[in-house]
Amino acid sequence: MIPVRGGGLKPKAAQAYDLDRQARDLFRAKKYDEAVQKSQEAVALKPTDPVLMNNLGFLYYSAGKYDEALKYLEQTLKLDPHRKEAHGNIAELYLKLGRKSEAKQHYEEYLKLYPGSPKAEEFRRILGTL
């Protein structure tokens with residue numbers, strides 16, 4: 001718990017989600033390094049949260065730091081093997097790295113988990129090229 005205005009304490013989870021929100025705001029402002037830093041702080045507070053872990057992996061991917069991205073996205077799937085967002089992110093990362101068979105596996109898993117996704121048509125089109 002951390003102190004908050006009014007004399008109360010803020011749980012670590014709430015602080016982690018605040019940091020994650022700040023990271024997303026920084027990402028939208030194209031401040032990628034700052035976004036990664038905030039996201040790292042969030043994960044440090046709640047290291048078993050697959051949402052926070054996936055978000056950090058996505059930020060690394062967006063910053064072009066693919067090895068780091070893959071590390072956090074794979075950790076996300078260890079925490080939650082059915083996390084569709086992580087499958088989608090890993091699929092796109094593998095495709096960018098030219099690892100088509102691995103990309104295909106994750107695109108297929110994403111579509112299995114979320115067939116009605118707004119990205120479904122795009123992912124099916126990509127699968128048709130692999």
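**Questions on a predicted model**

Guide: H87 has a relative accessibility of 7%, so H87 counts as buried. The model is a predicted one.

Visitor: In which element is H87 placed?
Guide: H87 is buried, at 7% relative accessibility. The place of this residue is in helix α5.

Visitor: Which residues does H87 touch, not counting those up to four places away in sequence?
Guide: The cut-off for a contact is heavy atoms within 4.5 Å. Leaving out residues up to four places away in sequence, H87 touches L77, P81, H106, E109, Y110 and L113.

Visitor: How many helices and strands does the protein have, and in what order do they run?
Guide: The protein has seven helices and two strands. Read from the N terminus, the order of elements is β-β-α-α-α-α-α-α-α.

Visitor: What share of the residues of the protein counts as buried?
Guide: A residue is buried if its relative accessible area is under 20%. The protein has 130 residues, and the share that counts as buried is 36%.

Visitor: What box do the C-alpha atoms fill, and what is the accessible surface?
Guide: Taken along the principal axes, the box filled by the C-alpha atoms is roughly 55 × 25 × 25 Å. Carbon and sulfur atoms hold 51% of the accessible surface, which comes to about 7,600 Å².

Visitor: Are α1 and α2 roughly parallel or roughly antiparallel to each other?
Guide: Helix α1 covers residues 12–28 and helix α2 covers residues 32–45; their axes are 8 Å apart and the packing angle is about 165°. Angles over 145 degrees count as roughly antiparallel. Therefore α1 and α2 are roughly antiparallel.

Visitor: Which classes of residue make up the contact of α1 with α2?
Guide: The α1 side of the contact includes L19, A23, L26 and F27, and the α2 side includes Y32, A35, A42 and L45. By class, the contact of α1 with α2 has nine nonpolar, three polar and five charged residues.

Visitor: What is the phi of K30, and where does K30 lie?
Guide: Most residues other than glycine have a negative phi. K30 is not a glycine, yet its phi is positive, at about 65°. With a relative accessible area of 61%, K30 is exposed. K30 lies in the loop between α1 and α2.

Visitor: Is α3 roughly parallel or roughly antiparallel to α5?
Guide: The axes of helix α3, residues 50–62, and helix α5, residues 84–96, come within 10 Å and cross at roughly 25°. An angle under 35 degrees counts as roughly parallel. So α3 is roughly parallel to α5.

Visitor: Which residues of α5 do N54, F58 and Y61 in α3 meet?
Guide: The crossing of α3 and α5 is left-handed. There N54, F58 and Y61 in α3 meet E85, A86, N89, E92, L93 and K96 in α5.

Visitor: Is Y61 buried or exposed?
Guide: Y61 is found in helix α3. Its relative accessible area is 18%, and the cut-off for buried is under 20%. Y61 is therefore buried.

Visitor: Which residues is Y61 in contact with, leaving aside neighbours within four places in sequence?
Guide: Y61 lies 9.9 Å from Y72, C-alpha to C-alpha, and the two are eleven residues apart in sequence. Leaving aside neighbours within four places in sequence, Y61 is in contact with Y66, A69, E92, L93 and K96.

Visitor: Is α4 roughly parallel or roughly antiparallel to α5?
Guide: Helix α4, residues 66–79, packs with α5 at an angle of about 150°, and their axes are 10 Å apart. The cut-off is over 145 degrees for roughly antiparallel. So α4 is roughly antiparallel to α5.

Visitor: Which way is the crossing of α4 and α5, left-handed or right-handed?
Guide: Among the residues in this contact are L70, L73 and L77 of α4, and H87, I90 and L93 of α5. By class, the contact of α4 with α5 has nine nonpolar, three polar and two charged residues. The crossing in which α4 passes α5 is left-handed.

Visitor: How far apart in space are L97 and Y66?
Guide: The place of L97 is in the loop between α5 and α6. At 38% relative accessibility, L97 counts as partly exposed. L97 and Y66 are 31 residues apart in sequence, and in space, C-alpha to C-alpha, they are 8.5 Å apart.

Terms used. Residues are numbered from 1 along each chain as its sequence is written. This is a predicted model: local features need pLDDT of at least 70, side-chain atom pairs count only at pLDDT 80 or more; totals for chains, interfaces and linings use all residues. Side-chain values use heavy atoms; hydrogens and water are left out. Axes are lines fitted to C-alpha atoms, for helices over the stretch in contact, and angles run from 0 to 180 degrees between N-to-C directions. Helices (H or I, at least four residues) and strands (E, at least two) are DSSP runs, numbered from the N terminus. Angles under 35 degrees count as roughly parallel, over 145 as roughly antiparallel, 65 to 115 as roughly perpendicular and the rest as oblique. A crossing is left-handed if the near helix is turned anticlockwise from the far one by less than a right angle, and right-handed if clockwise. Buried means under 20% relative accessible area, exposed over 50%, partly exposed in between (1.4 Å probe, protein chains only). Accessible areas come from the Shrake-Rupley method with a 1.4 Å probe; for residues, only the protein chains shown count as cover. Ala, Val, Leu, Ile, Met, Phe, Trp, Tyr, Cys and Pro count as nonpolar, Asp, Glu, Lys and Arg as charged, and the others, Gly among them, as polar.
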